[in-house]
Amino acid sequence: MPTSTTSLSRSSEVPVGRLDLSGSPRLSSGIDKQHVCALAQLDPPTLPPVLVHQRTLRVIDGIHRVHAAILRGDATIAAELIDCDEAEIFIRAVQANATHGLPLSLDDRRAAASRILETHPQWSDRMIAKIAGLSPNTVGAIRRRQADAPSPAPRHRIGLD
């Protein structure tokens, strides 16, 4: 799947207090306190590392795991640090939240598809649907509603193939 930049990653332990928890694609529901409490009961090594933007220390995936670490009083958390641009940060966050953990709400997935259409209008409905966990028809409907977008739609789209 095309991305904006090539991302490089490395594993690390990151101080929990230095992490930036803003920018989540989870708009409608926010933090689920019951999910945080359930995660806090698990042994930290059994949880996957959180995904963190290396330059800003913004959490891309794993907000609930970070809140669980805070609840447990952990000083650090296992993280995969990646170096990528702003558009890819959001795409990675949506992909991760659409495929594991506490899923994004339908409203959040639609809002994510809308935002991806703004940053990557050349991507096919099917590609964006796969990222956001929606049907291609839903993405097509969102694309049609964005007809008043400031830039014209591209003549050719980049698809999954």
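This is a predicted model: local features need pLDDT of at least 70, side-chain atom pairs count only at pLDDT 80 or more; totals for chains, interfaces and linings use all residues.
At what angle do the axes of helix α4 and helix α6 cross, and within what distance do they come? The points below take the whole chain, then this helix pair.

1. Elements. The protein chain holds 6 helices and 4 strands. Starting at the N terminus, their order is β-α-β-β-α-β-α-α-α-α.

2. Burial and surface. The protein chain has 161 residues, and 37% of them are buried. Its accessible surface is about 8,900 Å². Carbon and sulfur atoms account for 52% of that surface.

3. Contact range. Take the contacts in the protein chain between residues at least 6 apart in sequence. Of these, 78% link residues at least 24 apart.

4. The helix pair. Two packed helices are described by the angle and the distance between their axes. Here α4 spans residues 106–119 and α6 spans residues 136–145. Their axes come within 10 Å and cross at roughly 60°, which settles the opening question. The two helices are therefore oblique to each other. The crossing of α4 past α6 is right-handed.

5. The contact itself. Which residues make it? From α4 come Arg110, Ala113, Ser114 and Leu117. From α6 come Thr138, Val139, Ile142 and Arg143. By class, the residues of this contact are 4 nonpolar, 2 polar and 2 charged.

Key:
Residues are numbered from 1 along each chain as its sequence is written. Side-chain values use heavy atoms; hydrogens and water are left out. Axes are lines fitted to C-alpha atoms, for helices over the stretch in contact, and angles run from 0 to 180 degrees between N-to-C directions. Angles under 35 degrees count as roughly parallel, over 145 as roughly antiparallel, 65 to 115 as roughly perpendicular and the rest as oblique. A crossing is left-handed if the near helix is turned anticlockwise from the far one by less than a right angle, and right-handed if clockwise. Contact means heavy atoms within 4.5 Å. Ala, Val, Leu, Ile, Met, Phe, Trp, Tyr, Cys and Pro count as nonpolar, Asp, Glu, Lys and Arg as charged, and the others, Gly among them, as polar. Buried means under 20% relative accessible area, exposed over 50%, partly exposed in between (1.4 Å probe, protein chains only). Accessible areas come from the Shrake-Rupley method with a 1.4 Å probe; for residues, only the protein chains shown count as cover.
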